[in-house]
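Please find below a note on the model under review. The points are numbered so that each may be answered separately.

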Amino acid sequence: MEPSVDSREYRVVFFCPTSSAQLEHIEAPVRRVLTRISAPPAELAPLEAAGTLGEAGWRVYLVRSMTERSAAHALAAHVTEAAAAISTELDTEVLGLYVDVASDTARVCRCMPEENPETFSGQRRNVLDRTAEWLDINPAHLSALFQLALDTDEEMDAEDRFVETKLREAREFMQRYRQRR
């Protein structure tokens, strides 16, 4: 049995053109791939918070695990297969993106019906930049989508890093306070 993997450490999302993005047509091919690889059950959750992506003509669907085992982790090696299946089902371009939050790595694939998928992998920032290029949006919008900050430490001085650390600590304290109430 696969060890339990924290779902928060992995993200798999699919980007589909708004004009053809009907959830039932996207779920079926993903479900087939999950079943074939014996992955934990999952659902596709539309991310409505992706306003800029919506304005650019894209709908975003997050693979959300329905058990403690991470379906996104299981699907990581099969993102291209799932995106290609969705692309064939919708007969349009689809992007599949996998992000491993803990190891700062990611992989994106762009699939078109009846064409070989184009993939790109590497460090999260580089992959998000390529994804943004393919989606024709600002990379910061993808970072916000994943609640990840693009690595800007190189541009930050010691004072900025201090402030960021204090803000992060304050958010953690507030979260613990809310959980105790």
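1. Threonine 92 sits in the loop that links helix 4 to strand 4; helices (H or I, at least four residues) and strands (E, at least two) are DSSP runs, numbered from the N terminus. Its relative accessibility is 19%, so threonine 92 counts as buried; buried means under 20% relative accessible area, exposed over 50%, and partly exposed in between (1.4 Å probe, protein chains only). Beyond its neighbours within four places in sequence, threonine 92 is in contact with Pro17, Ser20, Ser87, Cys111 and Pro113, where contact means heavy atoms within 4.5 Å.

2. Residues are numbered from 1 along each chain as its sequence is written, and side-chain values use heavy atoms, with hydrogens and water left out.

3. Proline 113, one of the contacts of threonine 92, lies in the loop between strand 5 and strand 6. With a relative accessible area of 22%, proline 113 is partly exposed. Leaving aside neighbours within four places in sequence, its contacts are Ser87, Asp91, Thr92 and Glu93. Proline 113 and aspartate 91 are 22 residues apart along the chain, and their C-alpha atoms are separated by 5.6 Å.

4. The loop holding proline 113 belongs to a hairpin: strand 5 and strand 6 have 6 residues between them, and glutamate 114 in the turn has a positive phi of about 60 degrees. The two strands, the latter covering residues 118-123, pair in the antiparallel sense over 6 bridges; two strands pair if DSSP finds at least two bridges between them. Within this pairing, cysteine 109 stands opposite threonine 119. Glutamate 114 is also 7.5 Å from threonine 88, C-alpha to C-alpha, although 26 residues separate them in sequence. Threonine 88 belongs to helix 4 and, at 56% relative accessibility, counts as exposed.

5. Which residues touch the most other members of the largest nonpolar core? They are Val12, Phe14, Cys16, Ile26, Leu75 and Ile86, in a core of 28 residues. A nonpolar core is a set of buried Ala, Val, Leu, Ile, Met, Phe, Trp, Tyr and Cys residues joined through side-chain atoms within 4.5 Å. At least two core residues come from each of several elements, including strand 1 (10-17), helix 3 (71-75) and strand 4 (94-100). Helix 4 supplies the largest share, 5 residues. A second, separate core has 19 residues, among them Val99, Ala106, Val127 and Leu142. In soluble globular proteins, nonpolar side chains tend to be buried together.

6. Apart from neighbours within four places in sequence, its contacts include Ile26, Trp58, Tyr61, Ile86 and Val94.

7. Helix 1 has 14 residues, which at 1.5 Å a residue should span 20 Å; its end C-alpha atoms are 20 Å apart, in agreement. The expected span is 1.5 Å times one less than the number of residues in the helix. Its buried residues are Ile26, Pro29, Val30, Val33 and Leu34. They cover an arc of only 140 degrees around the axis, which puts them on the same side of helix 1; the arc is that of the directions from the helix axis to the C-beta atoms. These buried residues pack against strand 1, strand 2 (42-46), strand 3, helix 3 and helix 4. Just after helix 1, serine 38 has a positive phi of about 55 degrees.

8. Strand 3 has 6 of its 8 residues buried. Strand 3 runs antiparallel to strand 1, with 5 bridges joining them, and also pairs with strand 2 in the antiparallel sense over 5 bridges. Leucine 62 of strand 3 stands opposite valine 13 and also opposite alanine 45.

9. The protein averages a pLDDT of 80, and 83% of the residues score at least 70; pLDDT is the predictor's confidence in each residue, from 0 to 100. It stays under 50 over residues 1-7 and over residues 148-156. Where pLDDT is low, the predicted coordinates should not be read in detail.
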